[in-house]
Amino acid sequence: MEIDDITPVAQDYVKAIWNATEWGEPPITTKALAARFETSAPNVSETLRRLARQGLVAYAPYKPVVLTDAGRRLALVMVRRHRLLETFLVNTLGYTWDEVHDDAERLEHAVSPLLMARIDDLLGHPEADPHGDPIPRADLTVPHPADVGRLDEAAPGAYLVVRINDDHTEVLQRLTDLRVRPGSTVRIAANGAALTEDGEALGESALSSIHARPLHGSPEDVSD
């Protein structure tokens, strides 16, 4: 089965199911899928049963849904499309990182493998999108960075920003104002306060959206 053999709705579902666990979170529930797609739980259950019949998910009522190997492969095709398109829209067409998501969602269902290969070549085979999310390679391996965790769970120390969740436009806009992007550094003080390179404070919503890795070997290497 290839990606264009399933409906756009199925494409969205397998991508959402894969995205939910990418950064170590638990598998997504029917309730969370209903919220994600702004539909009812019965509609989600029917869609999941259809995906199970196609061999794309393992699904049982009242349990989190899990992708099969076939479902994971198609999910990564969609993730690759989405993240390459976001990168193309930002790097080539001048979109800002808080503008790209919706248009990439629309375009990802219509592009051909040839077009995606040409975009990948044009961009120089980037490993991450504008938010720092890794772009699956053509062979669908994913270049995830090591030793990365959420900043709201980080110990005191200095951290390199690796990835910023793009679910909340207002957070991206706030971080733009604070000049925080992948590659920026953030310092967590002993009292839990988080400061940007310019000394600006970051709130909880920003910290929970940022994945980062420690600088200088370990967080404890940076004193208060």
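Which residues does Leu 48 touch, not counting residues up to four places away in sequence? In this predicted model, Leu 48 touches Tyr 13, Ile 17, Thr 30, Leu 33, Val 57, Tyr 59 and Val 65, where contact means heavy atoms within 4.5 Å. Leu 48 has its place in helix H3, and it is buried, with a relative accessible area of 0%; buried stands for under 20% relative accessible area, exposed for over 50% and partly exposed for what lies in between, with a 1.4 Å probe and protein chains only. The C-alpha atoms of Leu 48 and Val 14 are separated by 9.7 Å, although the two residues are 34 residues apart along the chain.

Residues are numbered from 1 along each chain as its sequence is written. Because this is a predicted model, local features need pLDDT of at least 70 and side-chain atom pairs count only at pLDDT 80 or more, while totals for chains, interfaces and linings use all residues, and side-chain values use heavy atoms, with hydrogens and water left out.

Helices (H or I, at least four residues) and strands (E, at least two) are DSSP runs, numbered from the N terminus. Two packed helices are described by the angle between their axes and the distance between the axes. The axes are lines fitted to C-alpha atoms, for helices over the stretch in contact, and the angles run from 0 to 180 degrees between N-to-C directions.

| Helix pair | Angle | Axis separation |
|---|---|---|
| H1 (residues 8-21) and H3 (residues 41-53) | about 90° | 11 Å |
| H1 and H4 (residues 69-91) | about 90° | 8 Å |

H1 is therefore roughly perpendicular to H3, and roughly perpendicular to H4; angles of 65 to 115 degrees count as roughly perpendicular, under 35 as roughly parallel, over 145 as roughly antiparallel and the rest as oblique.

Toward H3, the residues Val 9, Ala 10, Tyr 13 and Ile 17 of H1 meet Val 44, Thr 47, Leu 48 and Leu 51. By class, this contact of H1 with H3 has 7 nonpolar, 1 polar and no charged residues, with Ala, Val, Leu, Ile, Met, Phe, Trp, Tyr, Cys and Pro counted as nonpolar, Asp, Glu, Lys and Arg as charged, and the others, Gly among them, as polar.

Toward H4, the contributors from H1 are Gln 11, Val 14, Lys 15, Trp 18 and Asn 19, and those from H4 include Leu 74, Met 78 and His 82. The contact of H1 with H4 has 7 nonpolar, 4 polar and 3 charged residues.

In helix H5 (residues 100-107), the buried residues are Val 100, Ala 104 and Glu 105. Seen down the axis of H5, they fall within an arc of 130°, so they line one face of the helix; the arc is that of the directions from the helix axis to the C-beta atoms. These buried residues pack against H1, helix H2 (30-37) and H4.

In helix H7 (residues 169-177), Val 171, Leu 172 and Leu 175 are buried, and, seen down the axis of H7, they fall within an arc of 100°, so they line one face of the helix. The buried residues of H7 pack against strand S4 (157-164), helix H8 (204-209) and strand S7 (210-214), whereas the face turned away from the buried side carries the exposed residues Glu 170 and Asp 177.
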